[in-house]
Amino acid sequence: MTVLLSLIGAAWAESPELIIAVPVPEEEEAKPRPGPAPVPINPTKRVRQSVARDVERTVSGTPPDNLFGRYTVVEFTEGGLTDRFVGKMARVARALDDDCTTIRMDFDFGQQPPEDVTGHRPAVVTVAQTRRCDKGGLGVYAEELAYEVPVGWMEGDEYLTLRLPALTVISDYVRLRRPADGDMRTPPQWLAPENRIERDPTEFHILAEPARRGALPVLHLIKGGRVLHLEAAPEDSLFMDAAAQ
Amino acid sequence: MHAAIMSLLLAGCPADPDAPPEKLVGLWELHQVETSQGEIDSLAVVLADFPSCVWGRRTFLFGDGMLRVQNDVLCPSAVNHDEFYGCEVAVEVPAVWDDTDGSGKWVVSTRVSATARTKGLEAGSLDVPTTCTVAVAAGTYPVASVRGYEWRWEIQAPDGQVYRLRDPPNDNPDFVAALRGAPPPPPPPMPEEGEEGAEP
């Protein structure tokens, strides 16, 4: 009996891909298969909750069909480790003893193109970085520095390439209090930490994961050994109220 | 004495027609803008983009293969004008000096705009949200050197406007001086008749 089982096992091992062909009636083959009903895309629908991980996140996907919508960086992979973007930025700020911590980085690829358009690529992209600062005299405040640049695109079978030009963007603040009537003293003033973004000409390879129905696909922006993992940006921007004013 | 003689000799020499055009480099401040309607002072030009602010300036830094455009503005951050904020926002893009055809010009290949915003998150921070913007247009900026005026250079922006540039009094904006020159706080609103506290 034992010998028989061994023989069966050996035979199974030699032909692991056992495929059973089932004939399909011709009528069924001719019928067009009903495709999924079109679902309007909600650019702010969350794909999934981001999770912290200490292993490398799998990067897979294809070049995106239409590229649009506002995305936020949720995770960052470097040196084989994936980390939450916010957590990594907090650690960087602590290490540098900065008064400001980057809490958000968004890529805005613009409005959704008309339905009959395929292969849409925006001519300009807006990149926005938000920091939370705690500085004596200025209090606790959020600061956003956004820049809008024309971008270049290069199509490929494996990935889409985004070209960002070289630029430097700087912002700075000072808070001043007017001296009392007749007081000629120098007004009290408090300087904010400078905010500077310097970018060399940069190429990102973009991969889009298959999108869930009605959601924007997860994007991976790859540059060398670093990967930014992007998901649809939530609507709860700190500056939403300010923008509406 | 020797220097004076040299100056006289140099003044009498005609300019070399084959000499390359003078290159515009360094930090310069907008003095006026020439438009088809006339000249507009720089303060009015800058404050047109920042209507709630009381002072502003725009500077241009021409450097080694780069152009930086910066807006500095001083704006009230409280209704009673007790507090102000000074905001600086700048964009720097690659730029190339071109004098191949005998006339000097800076060429910018990338149009960039930037917006800086703040918003207080806790008590004690700035009362009002702030927004400052700046932009640099792509294109050719022909340059002309000017003598004998308050401004030293004229550059023509890609939109056709001519910017007159002067030597800035300071490299960095002097917000304290600007605050001293800021208009006085607006008078408190008069209580309407019948309102509590109104004089009979």
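Reader: How many residue pairs are in polar contact across the interface of chain A and chain B?

Author: A polar contact is a pair of N or O atoms within 3.5 Å; within protein, one atom must be able to donate a hydrogen and the other to accept it, and residues adjacent in sequence count only if both atoms are side-chain atoms. Across the interface of chain A and chain B, the rule gives 16 such residue pairs, both residues having pLDDT 80 or more. Strand 4 (124-135), strand 5 (139-150), strand 8 (167-177) and helix 4 (240-244) of chain A each contribute at least two residues to the side that touches chain B. Strand 5 of chain A provides the largest share of that side, with 12 residues. Helices (H or I, at least four residues) and strands (E, at least two) are DSSP runs, numbered from the N terminus.

Reader: On what conventions do these values rest?

Author: This is a predicted model, in which local features need pLDDT of at least 70 and side-chain atom pairs count only at pLDDT 80 or more, whereas totals for chains, interfaces and linings use all residues. Residues are numbered from 1 along each chain as its sequence is written, chains are lettered from A and ligands numbered from 1 in the order in which they are written, and side-chain values use heavy atoms, with hydrogens and water left out.

Reader: How many residues of each chain are in contact, and how much area do chain A and chain B bury between them?

Author: Contact means heavy atoms within 4.5 Å, and buried area is the accessible area (1.4 Å probe) that two parts lose on being put together, summed over both. Here 41 residues of chain A are in contact with 41 residues of chain B. The two chains bury about 3500 Å² between them, and 51% of this lies on carbon and sulfur atoms. A:Y173, A:L176 and A:R178 account for 22% of the area that chain A buries against chain B, more than any other three residues.

Reader: How many salt bridges does the rule find across the interface of chain A and chain B?

Author: A salt bridge is a side-chain nitrogen of Lys or Arg within 4 Å of a carboxyl oxygen of Asp or Glu. The count over all chains is 29, and across the interface of chain A and chain B it is 5. One of them joins A:E144 to B:R117, with the closest N and O atoms 3.0 Å apart. Another joins A:R132 to B:E122, with a closest N and O separation of 3.6 Å. That pair runs from strand 4 of chain A, which holds A:R132, to the loop between strand 7 (112-120) and strand 8 (130-136) of chain B, which holds B:E122.

Reader: Which strands pair with strand 8 of chain A?

Author: Two strands pair if DSSP finds at least two bridges between them. Strand 8 of chain A pairs with strand 5 (residues 83-98) of chain B in the antiparallel sense over 10 bridges. In this pairing A:I170 has B:A90 as its bridge partner, and A:S171 has B:V89. Within chain A, strand 8 runs antiparallel to strand 10 (residues 195-199), joined by 5 bridges, where A:S171 is partnered by A:N195. Strand 9 (residues 189-191) of chain A is also antiparallel to strand 8, over 3 bridges, and A:W190 is the partner of A:R175 there. Of the 11 residues of strand 8 of chain A, 10 are buried.

Reader: What do the buried residues of helix 2 of chain B pack against?

Author: Chain B has 3 helices and 11 strands, and 42% of its 200 residues are buried. In helix 2 (residues 42-49), the buried residues are B:S42, B:V45, B:V46 and B:L47. They pack against strand 1 (26-35), strand 2 (38-41), strand 3 (55-63), strand 4 (66-76) and strand 11 (162-166) of chain B.

How values were computed: Buried < 20%, exposed > 50% of the residue type's maximum accessible area, 1.4 Å probe, protein only.
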